[in-house]
Amino acid sequence: MSEEAAKAGTHTLVLSDEAATTRLARDIADILRTGDIVALSGHLGAGKSLIARAMLRRLAEDPDLEAPSPTFTLVQSYDVPKGLLLHADLYRVRSPDELDDLGLIEDLERAITLVEWPDRAGARLPAGRRLDIVIEVDPENPETGRIATLSGGVLWRARLAIAIGARRMIDAAGWSDADRQFMLGDASSRAYERLVRENGETAILMISPPRPDGPAIRQGKPYSAIAHLAETVDAFVAMDKGLRSLGLSAPQILAQDLSTGLLLIEDLGPGLVIDENGPIPERYEAAARLLAELHRHALPTILPVAEARDHVIPDYDREALAIETELVLDWYAPHIAGVTLPAVTRAEFGRIWDRLFDEVFATPATWTLRDYHSPNLIWLPDRVGHARLGLIDFQDAVLGHPAYDLVSLGQDARIDVPAALELKLLAAYAGARRGNDPAFDLAGFARAYAILGAQRNTKIAGIFARLDKRDGKPGYLKHLPRIEAYLRRDLEHPALAELKAWYQAHLPKLFATQEAPAEASAEAEPEPETGAPATSPPEEP
């Protein structure tokens, strides 16, 4: 298959045996959505029914589903976890007009539809959501081999590239027989699967295609560029190598496809730093001391990805910090607080933050992993020292103040961290830093911690409000009282007196309800499964 054909959305695959054909069917089934049409063509005995049956069983999550051929009924319907599934065999249809009597066309928009002999439908199957699979006997291996040609329009190109790229990478890495289980992904565009072998061995498939640019919002740049969010999987690979070179437990990369954005990585397992009572103090303190260990090093700002391919860690600069704080003005203020702030008030907000950022930038920058909180920390009891803490979700790492990641830990957005434990984390971090540098400035660090805590919680308050208002995801609002409480806690620091006064004057709602942070709930938005990174929610404007 030529590169030009792949870019055009056409892929030709040589399938060596029935198992390979079945794996292809399952892989395609995993990417199907309501409204998709899979058109299966080929001569009698080529394998259309084999593919259709494997897709049906995968979609039904029932490997023993009988899935009889609809040769005589013409259309068979199923209720599957993704919704309505239709399987049509049009071999006995003599005219496209006959489809009107079947009701097939009317159901296409609300179903996933598998169609054998699609040529009998003429032009009645719309091309936009149609994936054509032509299956033929492989003349070099006629007993068991098949050749499948897949082609689809623009809506299929990215999905096919990921599905086929993942299969090739998995097979090349020796994981072809593993069962692929979808995991709850993080709140970004990334997705994750757990691969499980029959012997119980597991690995994680990370699907992180290149991030498309959003609309330009300032100086011709999209939000992702301003906030320095990772645009490709290169950032993960580079930071992973960097962390592992320090003896830390980032997942080993088992295989990679950088152009498509696919990684097969070590599954660090189910170990949590929390239990039913909340944070496990000794594990949180271990996480604080790990940060101190990381921050004592003079760390590089450019990291290798592959041969002749490097990643430059971006600065967590004034522009990035500022645009994040503005999310509270754009979303929290109108949607949660019920106020629209005039330009002069917004400008005052920006000036206050600008002065606070001056203090933050006075300290030399270090690696800032950016989402250093409970879902992204994996406890590894069989390892020793700092390696007992597994690290995931660091692709958005920047060069920032060392207090930022400790804030992420001590003011965990997803679970209550009592103020007493937060102080213990500061003490554990400071004690470890002073062990290597007796001149470590705890007072200055605490001041920066309060500033960055206010910045992070201001940002997250805006993000959670936007997820509810714009994206129809109210589940994140369950965390908002916790974020508001953390922000009030930060604003008590004398360094933030001016910012506190601004909040009291213009967003008094923040101080009107002084309830304790909400308990984490299992309702509404599901939390990511252990092993699937959980970032702050998507930050596109």
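Leaving aside neighbours within four places in sequence, Thr325 is in contact (heavy atoms within 4.5 Å) with Phe349, Trp353, Phe357, Gln455 and Thr458. The model is predicted: local features need pLDDT of at least 70, side-chain atom pairs count only at pLDDT 80 or more, and totals for chains, interfaces and linings use all residues. Residues are numbered from 1 along each chain as its sequence is written, and side-chain values use heavy atoms, with hydrogens and water left out.

**Thr325 and helix α10**
- Thr325 belongs to helix α10, residues 318-325; helices are DSSP runs of H or I with at least four residues, numbered from the N terminus.
- With a relative accessible area of 2%, Thr325 is buried; buried means under 20% relative accessible area, exposed over 50%, and partly exposed in between, for a 1.4 Å probe and protein chains only.
- A polar atom of the Thr325 side chain lies 2.7 Å from the backbone oxygen of Ala322.

**Helix α15**
- Helix α15 (residues 442-469) has 28 residues and reaches 40 Å from its first C-alpha to its last, close to the 40 Å expected at 1.5 Å a residue; the expected span is 1.5 Å times one less than the number of residues.
- Of the 28 residues of α15, 22 are buried.
- Asp441 caps the N-terminal end of α15, with a side-chain oxygen 3.3 Å from the backbone nitrogen of Ala443.

**Nonpolar cores**
- The largest nonpolar core has 100 residues, and those with the most contacts inside it include Trp367, Leu406 and Tyr503; such a core is a set of buried Ala, Val, Leu, Ile, Met, Phe, Trp, Tyr and Cys residues joined through side-chain atoms within 4.5 Å.
- Helix α15 supplies the largest share of this core, twelve residues.
- Apart from it lies another core of 34 residues, among them Ile28, Leu32, Leu56 and Leu131.

**Salt bridges**
- The whole structure holds 34 salt bridges, each a side-chain nitrogen of Lys or Arg within 4 Å of a carboxyl oxygen of Asp or Glu.
- Arg318 and Asp358 meet at 2.8 Å, N to O; this pair links helix α10 to helix α12 (residues 343-360), 40 residues apart.
- Glu324 and Lys459 form a salt bridge at 3.7 Å, N to O, which links α10 and α15 across 135 residues.
- Glu324 is buried, at 0% relative accessible area, and Lys459 is buried as well, at 2%.
- Glu359 pairs with Arg447, the closest N and O atoms being 2.4 Å apart; Glu359 lies in α12 and Arg447 in α15, so the pair ties together parts 88 residues apart in sequence.

How values were computed
Helix = DSSP H or I, 4+ residues; strand = E, 2+ residues; numbered from the N terminus. Polar contact = N/O pair within 3.5 Å; in protein donor to acceptor, adjacent residues only side chain to side chain.
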